[in-house]
Amino acid sequence: MVTLPTLTTQDVTFVVTDVAVGNGTVTNTGDENPSRFIEWGIVSGTYTNSCSAGIGGVEAYSCNMTSLIADTTYYVRLKAVNSAGTVYGSEVSFTTLVNSLIITNPDPTQINAAVTAGDITIDNGGTVTDASQVTNVAHVTYQSTNAQAVFPSGTETAEAITGDNSFDFSQVTIGDTSVGGVFASVELGIPNENLNFSQNITVTIDVGVEHNNETLTVRSKSAGEIGWTAQGQCIVSNGECTFATNHATTYIITENGVIGFEDIDINVEVQDTLSLDCYDKEGTSGDHDVTLGTSGIVTAGTPVVGISTCNV
């Protein structure tokens, strides 16, 4: 008499972004070789897709699960059918790999290609050059010679301030920028745009192996801002400073308390004598006196300007 077969579910193998191999074993045919299947879906207990491994006896069998979605958890079970009926194996789960994309020295051609390939989507009916929000479908890394920014899949990018709610995403960039008196400086995002991210991204900046094991300070200055804002700290490893952030801006890496070059405007009512000097971090004044006016004479009610550069 034919009885129900018995099955043993095995782990899924050869998992990539969109394909995986389901595996199982028929341990007893029930005296009639069964038709063998593997079923899967994205909800535990619900199996919306299947593949066939044909008819077979007591042996291991496999079949390919295709058209999967990257970075998604799937639930899988075995199925076998003979004339006695249908039997199912236990459920196992697996997660497909994240679709990853690296964009080096971003330019409009690369950004448009990423959008066309579906690695990045433009939301709300916008275009690449006129977007209100973009979403990373893939795990996207933007990198320059000395820095990289890693955006996890699902990260949304939008304007950080109220405005026309529109930006040209084709101009997104990451690159070294010129800020004096610091270990490293990088501009991330779109020039003159303040952008926020829906989740933290990871930024890594090369500061040199001579700073290994040092705790350095990360500061940021967004478009339109004057001073630097403390972002946090990093411990340098392999010459790199790595930190998390949720906004695009210019970042500098410095020692604690050192913020590079600063322009300072001073307006004051002088009662008698005013003397200005610029001291370096060792407390030595050097040749950094600020000369007020061409003759050094301050006349009441008459503004004068003095400029000095102090390398600290």
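I started with Asn238, which counts as exposed at 65% relative accessibility. My cut-offs are under 20% relative accessible area for buried, over 50% for exposed and partly exposed in between, with a 1.4 Å probe and protein chains only. I found Asn238 in the loop between β19 (229-235) and β20 (240-248); strands here are DSSP runs of E with at least two residues, helices are runs of H or I with at least four, and both are numbered from the N terminus. Its phi is positive, about 55°, although Asn238 is not a glycine. Most residues other than glycine have a negative phi. Asp71 also has a positive phi, near 55°, and sits in the loop between β5 (60-65) and β6 (73-82). Asp71 is partly exposed, with a relative accessible area of 38%.

**Ground rules.** This is a predicted model, so I note that local features need pLDDT of at least 70 and side-chain atom pairs pLDDT 80 or more, while totals for chains, interfaces and linings use all residues. Residues are numbered from 1 along each chain as its sequence is written, and side-chain values use heavy atoms, with hydrogens and water left out.

**Overall.** Of the 312 residues, 38% count as buried. For contacts (heavy atoms within 4.5 Å), I took those between residues at least 6 apart in sequence, and 59% of them join residues at least 24 apart.

**Aromatic pairs.** How many does a search of the whole structure find? It finds four. Ring centres of Phe, Tyr or Trp (its six-membered ring) must lie within 6.5 Å; planes under 30 degrees apart are stacked, over 60 edge-to-face, the rest tilted. Tyr142 and Phe151 are edge-to-face, 5.3 Å centre to centre with 85° between the planes, and both are buried. Phe151 also pairs edge-to-face with Phe197, at 4.9 Å and 80°. That pair links distant parts of the chain, with Phe151 in β13 (147-151) and Phe197 in β17 (195-206), 46 residues apart. Phe197 is buried as well. I wrote down Tyr142, Phe151 and Phe197 as one aromatic cluster.

**Cavity.** A cavity is a set of points on a 1 Å grid over the protein atoms alone where a 1.4 Å probe fits but cannot get out, and lining residues have an atom within 4 Å of a point. The lining includes Tyr142, Phe151, Phe169 and Phe197. β11 (133-136), β16 (184-189) and β17 each supply at least two lining residues.

**Phe169.** This one is in the loop between β14 (156-159) and β15 (173-176). Phe169 is buried, at 4% relative accessible area. Leaving out residues up to four places away in sequence, I listed its contacts, among them Ile111, Val134, Tyr142 and Ile190. The C-alpha atoms of Phe169 and Ala131 are separated by 6.6 Å, though the two residues are 38 apart along the chain.

**Charges over rings.** Here NZ of Lys or CZ of Arg must be within 6 Å of the ring centre and within 35 degrees of the ring normal. Arg77 lies over the face of Tyr88, 3.8 Å from the ring centre. The charged end of Lys79 sits over the ring of Phe37, 5.4 Å from its centre.

Note on methods. 1 Å grid on protein atoms, 1.4 Å probe; cavity = no way out; pocket = protein on both sides within 12 Å on 5 of 7 lines; lining within 4 Å.
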